Amino acid sequence: MHIITSIEYSTGMIFGDIVIYAAGNKAKIKDIDKHDAKDMAEFIRAFISNNSENEFDLTKEIEKLAKLKEQGVINDDEFAQMKAKLIAKM
């Protein structure tokens, strides 16, 4: 799964281009109607903004598990099993 990190668009007299950046890669959509380029880019930006709060952050989830282990809520084996499940989600 690649998470879109940013998007940009440019327009000319008739056509526009969109560049989407994700996980160090970029994809370019060329020669679309200039109004569609702007609308599509703004739609994707809004989607990214709305979903960035819901992203799965593996590091934070493992830190939560480590804290439970430190508090004695879970033992070493449970920690290892839960950590493996989190990693498998990626």
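**Sheet, cores and a charge over a ring**

In this predicted model, Lys69 lies over the face of Phe79, at 4.8 Å from the ring centre. Aromatic pairs, by contrast, number zero in the structure.

The strands come next. Three of them form an open sheet in the order E1-E2-E3, and the pairing is antiparallel. Strand E1 (4-11) and strand E3 are the edge strands, as each pairs on one side only. From one strand to the next, the twist averages 15°.

Each pairing can be followed in detail. E1 and E2 run antiparallel and are joined by seven bridges. Within this pairing, Ile4 stands opposite Ala22 in E2. Strand E2 spans residues 15-22, and strand E3 spans residues 25-33. These two strands also pair in the antiparallel sense, over seven bridges. Here Ile20 has Ala27 of E3 as its bridge partner. The hairpin of E2 and E3 has two residues between the strands. At Ala23 in this hairpin, phi is positive, near 50°.

Nonpolar residues gather in cores. In soluble globular proteins, nonpolar side chains tend to be buried together. The largest nonpolar core of the model has seven residues. Its members are Ile7, Ile18, Ile20, Ile32, Ala37, Ala41 and Ile44. Two elements, E2 and helix H1 (34-51), each give two or more residues to this core. H1 supplies the largest share, three residues. A second core is separate and has five residues, among them Leu65, Ile74, Phe79 and Leu86.

Leaving aside residues up to four places away in sequence, Ala37 touches Tyr9, Gly16, Asp17, Ile18 and Ile32.

Is Ala80 buried, partly exposed or exposed? Ala80 is found in helix H3, which covers residues 76-89. Its relative accessibility is 44%, so Ala80 counts as partly exposed. The cut-offs explain this result: buried means under 20%, exposed means over 50%, and partly exposed lies in between. Ala80 and Leu65 are 15 residues apart along the chain. Their C-alpha atoms are separated by 9.3 Å.

Definitions and conventions. Residues are numbered from 1 along each chain as its sequence is written. This is a predicted model: local features need pLDDT of at least 70, side-chain atom pairs count only at pLDDT 80 or more; totals for chains, interfaces and linings use all residues. Side-chain values use heavy atoms; hydrogens and water are left out. Two strands pair if DSSP finds at least two bridges between them. Helices (H or I, at least four residues) and strands (E, at least two) are DSSP runs, numbered from the N terminus. Rings of Phe, Tyr and Trp (its six-membered ring) pair if their centres lie within 6.5 Å; planes under 30 degrees apart count as stacked, over 60 as edge-to-face and the rest as tilted. A charge sits over a ring if NZ of Lys or CZ of Arg is within 6 Å of the ring centre and within 35 degrees of the ring normal. A nonpolar core is a set of buried Ala, Val, Leu, Ile, Met, Phe, Trp, Tyr and Cys residues joined through side-chain atoms within 4.5 Å. Buried means under 20% relative accessible area, exposed over 50%, partly exposed in between (1.4 Å probe, protein chains only). Contact means heavy atoms within 4.5 Å. Axes are lines fitted to C-alpha atoms, for helices over the stretch in contact, and angles run from 0 to 180 degrees between N-to-C directions.
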